[in-house]
There are 2 protein chains.
Amino acid sequence: MKLTILGCHSATPKIDAHTSSQLLDVNGNLFLIDCGENTQIQLRKFGVKFSRIKNIFISHLHGDHFYGLVGLISTFRLLGRESELNIYGPKGIKEIITLQLNYAKSWTNYNLIFHELTSSKSEVVFENNKLVISTIPLNHRVYTNGFLFKEKIGLRKINLNAPNLAFVDRSFYQNLKLGKDYVDEDGNVISNSELTLSPNPAKSYAYCSDTQYDESIIPIIHGVDLLYHESTFLEEHTEIAFRTKHSTAKQAAKIAKLSNSKKLILGHFSTRYHDFSKFIDETKKDFRNVELAYDGKIIEF
Amino acid sequence: MKLTILGCHSATPKIDAHTSSQLLDVNGNLFLIDCGENTQIQLRKFGVKFSRIKNIFISHLHGDHFYGLVGLISTFRLLGRESELNIYGPKGIKEIITLQLNYAKSWTNYNLIFHELTSSKSEVVFENNKLVISTIPLNHRVYTNGFLFKEKIGLRKINLNAPNLAFVDRSFYQNLKLGKDYVDEDGNVISNSELTLSPNPAKSYAYCSDTQYDESIIPIIHGVDLLYHESTFLEEHTEIAFRTKHSTAKQAAKIAKLSNSKKLILGHFSTRYHDFSKFIDETKKDFRNVELAYDGKIIEF
């Protein structure tokens with residue numbers, strides 16, 4: 001997986017501080033997560049081919065997470081998009097987008113499909129043969145979901161250096177990938193382990209923004225390779241974090257530790273801060289493998 | 001008047017090509033005209049103090065003219081704005097904005113006043129003691145208005161170098177500004193022209209975007225100091241201009257000529273063009289005092 005942070009700042013966009021949006025590349029399939037104002041410009045900056053985005057996930061209906069969506073949908077149309085686009089987000093998102101398209105006497109020349117979310121429990125919202133995407137119910141001022149991207153265990157890989165591979169007909173390769181032993185016409189067996197290698201490890205990524213500290217997400221995200229957890233505030237503003245249903249960096253670290261996450265990325269910083277090193281300082285005691293998000297950061301894992 | 005072009009490109013925003021938005025400064029009063037996505041970032045680039053914007057004019061409900069409005073309204077709130085904000089635009093704009101604020105369980109801690117426009121005739125939408133703003137009904141695919149900003153003839157100015165000014169009591173200055181002669185207790189008259197200077201000339205600005213070629217606007221904008229007229233297309237695409245209800249540069253020049261405008265600014269360029277000098281080439285024959293808009297251009301007049 002390859003994660004590109006397009007924007008990781010809260011509330012209002014500034015010249016060099018974009019609001020929430022991320023692009024997750026899972027084996028060449030692109031998933032856009034949140035879409036603050038200006039996301040389409042950020043996508044252009046990073047040379048993303050728009051037509052490759054087929055699924056967009058919106059956490060909640062606060063502007064800094066979705067005000068760029070209607071513009072992106074319009075731009076897709078103007079660029080002549082034909083392939084369908086799926087939008088996953090809270091109930092209401094369809095009404096907001098279609099109201100604006102209707103007033104513009106506009107339309108999409110591609111299939112625009114809304115998957116409106118209402119459940120307060122984790123649910124699978126996307127699945128193909130390689131990946132499952134589930135919601136992570138979060139605790140914020142409005143109905144909010146994070147999203148868990150979890151690869152399925154893949155097929156075993158043909159070991160092209162295996163000496164005995166020469167005896168196996170290519171038509172049997174798919175069976176090898178599925179873990180079967182090879183048996184020739186005379187009944188001789190070559191065990192699968194002699195012919196194949198283990199599949200790539202299944203990776204997982206959890207996006208949790210916006211939310212207050214909430215341990216109920218721990219079983220859902222347990223053991224993820226990468227956790228993005230909002231940390232809008234520092235410890236000195238714990239009371240504001242509680243009141244506005246946001247988290248501090250220290251709280252994000254606790255969630256990372258309790259969920260046994262392998263790595264933590266902090267983001268969604270309040271515009272009041274300028275020295276971001278304090279976010280790391282307040283985190284390290286509870287969780288060492290932590291990094292700050294910044295607009296343009298790329299993490300491959 | 002001082003006009004700052006924040007964005008002058010049509011359809012979709014690009015890294016260095018912002019969609020429609022302009023800031024007009026009339027004696028220190030700021031008027032925002034259209035508000036494409038990213039306008040708040042453009043305003044920050046030009047160091048505009050947000051609280052000074054009290055009136056926003058939206059020409060029509062195509063995304064490249066208003067997708068940045070809801071974000072700007074939200075940012076005003078987050079920055080603690082208290083002074084009222086007036087939005088002038090087509091019917092529907094209130095529904096679009098308030099729907100989004102409602103889903104966000106948001107509110108404005110300042111007074112947000114919508115002035116929804118429905119008339120197909122020119123009407124005065126704003127007036128104070130120095131300025132009148134009227135709509136310019138345009139001919140586009142959806143209900144659209146341009147806006148005419150017209151200064152009123154100001155007061156005469158006290159001539160501080162006038163020798164006879166020493167004989168006049170300060171309490172009479174307001175009467176001098178209104179054009180009255182001074183008469184002292186003995187009945188001696190000092191004529192107004194000896195004591196005052198002519199008022200600053202009243203300036204006017206017409207914003208016309210988006211529209212197809214339409215001579216019915218000529219009496220409304222007649223004699224303006226500055227005309228911004230959309231020129232989405234070049235002559236080779238006249239047919240597309242007609243079909244999409246846009247104008248060519250040559251058509252914009254004809255309107256400028258017929259309306260006796262003093263100066264023409266071309267803008268709202270289609271993303272298909274890269275060499276903008278052709279827009280000037282196709283205009284000069286009909287109207288010489290023409291300039292291209294570009295993002296960041298400032299025109300004082």
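Trainee: What share of chain A is made up of buried residues, and how do you know that a residue is buried?

Mentor: This is a predicted model, and in chain A buried residues make up 44% of the 301 residues. A residue gets that label if 20 or more other C-beta atoms lie within 10 Å of its own. As for the rest of chain A, there are 10 helices and 18 strands, and the C-alpha trace spans about 75 × 55 × 35 Å along its principal axes.

Trainee: Which residues have the most contacts inside the largest nonpolar core?

Mentor: Those are A:Ala206 and B:Ala206, in a core of 134 residues. Leaving aside neighbours within four places in sequence, A:Ala206 is in contact with A:Ile136, A:Gly146, A:Leu148, A:Ile221, A:Val224, A:Leu227 and A:Tyr228. In soluble globular proteins, nonpolar side chains tend to be buried together.

Trainee: Why is B:Lys49 called exposed?

Mentor: Count the neighbours: B:Lys49 has 8 C-beta neighbours inside 10 Å. The cut-off for exposed is 12 or fewer, so B:Lys49 counts as exposed. You'll find B:Lys49 in the loop between α1 and β4 of chain B. B:Lys49 and B:Thr4 are 45 residues apart in sequence, and their C-alpha atoms are 14 Å apart in space.

Trainee: And what makes B:Glu291 partly exposed?

Mentor: B:Glu291 has 15 C-beta neighbours inside 10 Å. Buried needs 20 or more and exposed needs 12 or fewer, so B:Glu291 ends up as partly exposed. B:Glu291 is in strand β17 of chain B, residues 290–292.

Trainee: What makes α3(B) mostly covered?

Mentor: In α3(B), 9 of its 10 residues are buried. Among them are B:Leu69, B:Ile73, B:Phe76 and B:Arg77. Just after α3(B), B:Gly80 takes a positive phi of about 80 degrees.

Trainee: Which elements of chain B give two or more residues to the side that touches chain A, and how many residues of chain B are in contact?

Mentor: In chain B, 31 residues are in contact with 31 residues of chain A. The elements are α1, α3 and α4 of chain B. The residues on that side of chain B divide into 13 nonpolar, 11 polar and 7 charged.

Trainee: How do you know whether α4(A) and α4(B) are roughly parallel or roughly antiparallel?

Mentor: Look at the angle: α4(A) and α4(B) pack at about 175 degrees, with their axes 10 Å apart. Angles over 145 count as roughly antiparallel, so that is the label for α4(A) and α4(B). The α4(A) side of the contact is A:Glu95, A:Ile96, A:Leu99, A:Gln100 and A:Tyr103, while α4(B) gives B:Glu95, B:Ile96, B:Leu99, B:Gln100 and B:Tyr103. These residues divide into 6 nonpolar, 2 polar and 2 charged.

Trainee: Why are α9(A) and α10(A) called oblique?

Mentor: Their axes come within 8 Å and cross at roughly 45 degrees. Roughly parallel needs under 35 degrees and roughly perpendicular runs from 65 to 115, so α9(A) and α10(A) are oblique to each other. The crossing of α9(A) and α10(A) is right-handed. In the contact, α9(A) supplies A:Ala249, A:Lys250, A:Ala252 and A:Ala253, and α10(A) supplies A:Phe279, A:Glu282 and A:Thr283.

Key
Residues are numbered from 1 along each chain as its sequence is written. Chains are lettered from A and ligands numbered from 1 in the order in which they are written. This is a predicted model: local features need pLDDT of at least 70, side-chain atom pairs count only at pLDDT 80 or more; totals for chains, interfaces and linings use all residues. Two residues are in contact if their C-beta atoms, placed from the backbone, lie within 7 Å. Helices (H or I, at least four residues) and strands (E, at least two) are DSSP runs, numbered from the N terminus. Ala, Val, Leu, Ile, Met, Phe, Trp, Tyr, Cys and Pro count as nonpolar, Asp, Glu, Lys and Arg as charged, and the others, Gly among them, as polar. Axes are lines fitted to C-alpha atoms, for helices over the stretch in contact, and angles run from 0 to 180 degrees between N-to-C directions. A crossing is left-handed if the near helix is turned anticlockwise from the far one by less than a right angle, and right-handed if clockwise. A nonpolar core is a set of buried Ala, Val, Leu, Ile, Met, Phe, Trp, Tyr and Cys residues joined through C-beta atoms within 7 Å.
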